[in-house]
Protein chains: 2
Amino acid sequence: MKLVITDNLTAIQKATYLFFNNLTQPADYCQIMEHLDKIGLKVNKTTVYRNLNTLLVENKITELDFGEGKKRYELRQNHHHHLVCNQCKKIECFEIIQDLHQQEAEIAKNTEFKITSHVLEFFGTCKVCQA
Amino acid sequence: MKLVITDNLTAIQKATYLFFNNLTQPADYCQIMEHLDKIGLKVNKTTVYRNLNTLLVENKITELDFGEGKKRYELRQNHHHHLVCNQCKKIECFEIIQDLHQQEAEIAKNTEFKITSHVLEFFGTCKVCQA
DNA sequence: GTGGTTGCAAAAGGTTTGCATCTGT
DNA sequence: ACAGATGCAAACCTTTTGCAACCAC
């Protein structure tokens, strides 16, 4: 779900929106700052975090945690999971695992736990790094 | 796999080992410090982290990340997953999801990604908090 | 005395907060 | 003038590091 860039946005916000629209894998706040820097916008990290927070509460982006001690962000989109390469750190997406929702329902039934979300991430070595 | 408490351990280490042996859900470094405090051992956080690190490299405990901005630790044991209650923060364990490994193999085949590990955690509301 | 353990202070990152300033309408 | 956006400094929290002190054998 690409972000719509409207006229009432500031230059920083437009650049941030564009950044997300062109993003190929989840980015952390540093990558956002570096990108803004690169296109000539010197932006404070506070501003970056505030804009991220706005996008989060508007439900336009998602916060991800791969256990790196920091958060990553990507456009909210169809539910999917990630393949994280331990070597080059590349992150690929892939679509839903069939049955996972069914199994979720089963777990919920067995444990009387009402499941509202899950995190499923795979770690390993990507094709390139295997070579 | 309970930790074996041997004579060559220090008092702090013995208490930490016992803490892990009695642990019912993953703990963060604060909970470890609080426990040591409670039994009269004033311990520095550096020491806690260092002992955690030793246990990690010895492969006796596992590091978990539920996206809280900090790590949690538990005894290494049979592969399992967690049900995390968003309200009371209680963490339950449950056993392997059948098929997940099979699906993992399938994903690996389709993506040419060599999967070495995965993270699967469920979030929701536990039975008690639903009441 | 040597190695391993601990404490302390500091630093490194990521993230948040308070407050003042700026900008556009 | 007002609301919203930004910058800046400081703080907070988790985690790590360097160094000195300590303890046990």
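In this predicted model, the contact between the two chains draws 35 residues from chain B and 35 residues from chain A. The size of an interface is often given as the accessible area lost when the parts come together. Between chain B and chain A, the buried area is about 3000 Å², and carbon and sulfur atoms give 60% of that area.

Polar and charged groups also meet here. Two salt bridges are counted between chain B and chain A. In a salt bridge between A:Glu112 and B:Lys127, the side chains come to 3.4 Å, taken from N to O. Across the interface of chain B and chain A, 12 residue pairs are in polar contact, with both residues of each pair at pLDDT 80 or more.

Which elements of chain B supply at least two residues each to the side that touches chain A? They are the strands β3 (80–85), β4 (91–95) and β5 (114–125), together with the helices α4 (100–111) and α5 (127–130). Of these, β5(B) provides the largest share of the side of chain B that touches chain A, with 12 residues. By class, that side of chain B has 14 nonpolar residues, 11 polar residues and 10 charged residues.

The strand β5(B) also pairs with a strand of the other chain. Strand β5 of chain A, residues 114–125, is joined to β5(B) by 11 bridges, and the two strands run antiparallel.

Key:
Residues are numbered from 1 along each chain as its sequence is written. Chains are lettered from A and ligands numbered from 1 in the order in which they are written. This is a predicted model: local features need pLDDT of at least 70, side-chain atom pairs count only at pLDDT 80 or more; totals for chains, interfaces and linings use all residues. Side-chain values use heavy atoms; hydrogens and water are left out. Contact means heavy atoms within 4.5 Å. Buried area is the accessible area (1.4 Å probe) that two parts lose on being put together, summed over both. A salt bridge is a side-chain nitrogen of Lys or Arg within 4 Å of a carboxyl oxygen of Asp or Glu. A polar contact is a pair of N or O atoms within 3.5 Å; within protein, one must be able to donate a hydrogen and the other to accept it, and residues adjacent in sequence count only if both atoms are side-chain atoms. Helices (H or I, at least four residues) and strands (E, at least two) are DSSP runs, numbered from the N terminus. Ala, Val, Leu, Ile, Met, Phe, Trp, Tyr, Cys and Pro count as nonpolar, Asp, Glu, Lys and Arg as charged, and the others, Gly among them, as polar. Two strands pair if DSSP finds at least two bridges between them.
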